[in-house]
Every structure is written in structure tokens, then in C-alpha cells.
Amino acid sequence: MRVKVAAFDVDGTLYPNAAMYLRSLPFALRRLPLLLAFGRVRKEMRKIRPIGNFHQVQAELLARERGMTPDAAARVIREVFYDRWERVVLRTKLFPHAAETLAELKAAGCRLAALSDFPLGRKLEAFGLGGIWDYARSCEDVGYLKPAPEPFLDIVRTLGVRPEEVLYVGNNYAYDVEGARKQGLATAHLTRRPVRNSVADFSFRDYRDLRDWIFSST
């Protein structure tokens, strides 16, 4: 396998979800019904095909859940789940050795991609990773959340490579690993407990192991 593009999920993959959840606990407790409703909306969004206008449909679903107008729901999504939650995320730190691994891959000529379900906003710049990406996009910009094929194939089309030349790295087995694998991408699963009979090409918990595996595979 020759990895020409190393593509990374962001939330939970470049930084640990556990640290973000801990920091966001007061925020979450004050808005638990809203958080649960938005979680149901995002789950439903993964099933809808075709979606059409992603943000319009998302707002309409949350409006139905919460008994508000779509305009009010869109405002809540922007202010609570994008702006305020982003401020929580910006106080977290990258996984150990993640930044060094990305820098070494870039220096070796591997192109880098960031693809996350949520808007990237200021995250990459805040983590000191603002200038290294050949592709950086939210699945929302593509119009579908993972594990839909469109986000993964958008990387392939935009960078002009074959699916098997892209390694997608993620922490969610169903959305990241299985979603990417179904489109022919190679996959690496960030996990403390590898899935039995995993379809991932590689499972790891230390970014140094991922770096070594990529270099040994190219």
C-alpha cells in the first residue's frame, strides 16, 4: 500500500474526546435536553438521502424536536453547538505526538487532509496546525455526514488520487473506519481496544505507532 494522502478526522482523533467532555461538563449539564435533541437530529441526518440543503434540513429537524421555528433553531445551532462548543474545544490539547507525526508525514511528501463532521472553524489554527493541510473541510460543507460516501469521495476527487492511495484515520469505527473502507480507502483506527475482526488496516493508540506504520507501508 502506498499512502499518498493521510486524512484525519478531527474531533476525537486529533484531540481526545474525554478531555473535551470533561471541560464541557458544566456547559452540557445546563443544556442537557437541547444536547440530547441535537444528538437525535444528527443521528437522523446520517440516514436522510438526498438531503438537499444540509443546514436547512438540520434546523428544521431541531425545530421539530424543540418546538421552535427553523430560524430560531438555526440560531441555536450556530450559537450553542458551533460557537460556544468550539470555545470549549479550543481549551483542549492534541493527542501526544500528533503534531509531530503530521509534521513528519508532511516533510516526507505525504499530503494531509482534515475531514470532520463538525465545522472546522478555528480548531486547526488554534492547535498550531493551520498551514499544513492540502484539504480541510467539514462534512457539512460536502452535504452529508459520515459514514455517507460523499465526504470520503470528496477527498479523492479534490486531491486527484485513487481511493486506495488515501489513508483515513479516525476514532469512530462505524462512521470513520467502516465508512471510509466501503469507499475503498485504507483506514487506521485510533482506539484503546481494537475491534475484533476489524476491517481497519491498522489500529493504534499512540501516534508514533501510526507514523511508523505509514512509513513502513510506503
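This is a predicted model: local features need pLDDT of at least 70, side-chain atom pairs count only at pLDDT 80 or more; totals for chains, interfaces and linings use all residues.
Helix α10 spans residues 173-182, and its buried positions are Tyr173, Asp176, Val177, Gly179 and Ala180. An α-helix has 3.6 residues a turn, so residues three or four places apart point the same way.

Asparagine 172 caps the N-terminal end. One of its side-chain oxygens sits 3.1 Å from the backbone nitrogen of alanine 174. After the helix comes glycine 184, with a positive phi near 90°.

Together, β4, α10 and β5 make a right-handed β-α-β unit. The two strands of that unit, β4 and β5, pair in the parallel sense over four bridges. Within this pairing, tyrosine 168 has threonine 187 in β5 as its bridge partner.

Now follow β4 to its other neighbour. Strand β1 is joined to β4 by four bridges, and the two run parallel. Here alanine 6 has leucine 167 of β4 as its bridge partner. How many residues of β4 are buried? Five of the five are, so the strand is largely enclosed by the rest of the structure.

Six strands form an open sheet in the order β3-β2-β1-β4-β5-β6, with parallel pairing. The edge strands are β3 (135-138) and β6 (202-204), each of which pairs on one side only. From one strand to the next, the twist averages 20°. Alanine 188 stands opposite phenylalanine 202 of β6.

Two further helices lie across the sheet. Helix α9 lies across β1 (5-8), β2 (111-116), β3 and β4. Its direction is at about 150° to β3. Helix α11 (residues 207-217) lies across β1, β4, β5 and β6. It runs at about 155° to β6.

Isoleucine 155 shows the packing at residue level. Beyond its neighbours within four places in sequence, isoleucine 155 is in contact with Val5, Ala7, Ala113, Leu115, Tyr135, Val166 and Tyr168. Isoleucine 155 also stands out in the largest nonpolar core, which has 69 residues. Phe8, Leu14, Ile155 and Leu210 touch the most other members of that core. Helix α5 (residues 70-89) gives the most to this core, with eight residues. In soluble globular proteins, nonpolar side chains tend to be buried together.

Aspartate 117 is found in the loop between β2 and α7 (123-126). Is aspartate 117 buried or exposed? Its relative accessible area is 8%, and buried means under 20%, so aspartate 117 counts as buried. What does its side chain meet there? It makes a polar contact with the side chain of arginine 46, at 2.8 Å. Leaving out residues up to four places away in sequence, aspartate 117 touches Arg42, Arg46, Ser138, Cys139, Glu140, Leu145 and Lys146.

Note on methods: Residues are numbered from 1 along each chain as its sequence is written. Side-chain values use heavy atoms; hydrogens and water are left out. Buried means under 20% relative accessible area, exposed over 50%, partly exposed in between (1.4 Å probe, protein chains only). A polar contact is a pair of N or O atoms within 3.5 Å; within protein, one must be able to donate a hydrogen and the other to accept it, and residues adjacent in sequence count only if both atoms are side-chain atoms. Two strands pair if DSSP finds at least two bridges between them. Axes are lines fitted to C-alpha atoms, for helices over the stretch in contact, and angles run from 0 to 180 degrees between N-to-C directions. Contact means heavy atoms within 4.5 Å. A nonpolar core is a set of buried Ala, Val, Leu, Ile, Met, Phe, Trp, Tyr and Cys residues joined through side-chain atoms within 4.5 Å. A crossover is right-handed if, with the strands pointing away from the viewer, the path from the first strand over the helix to the second runs clockwise.
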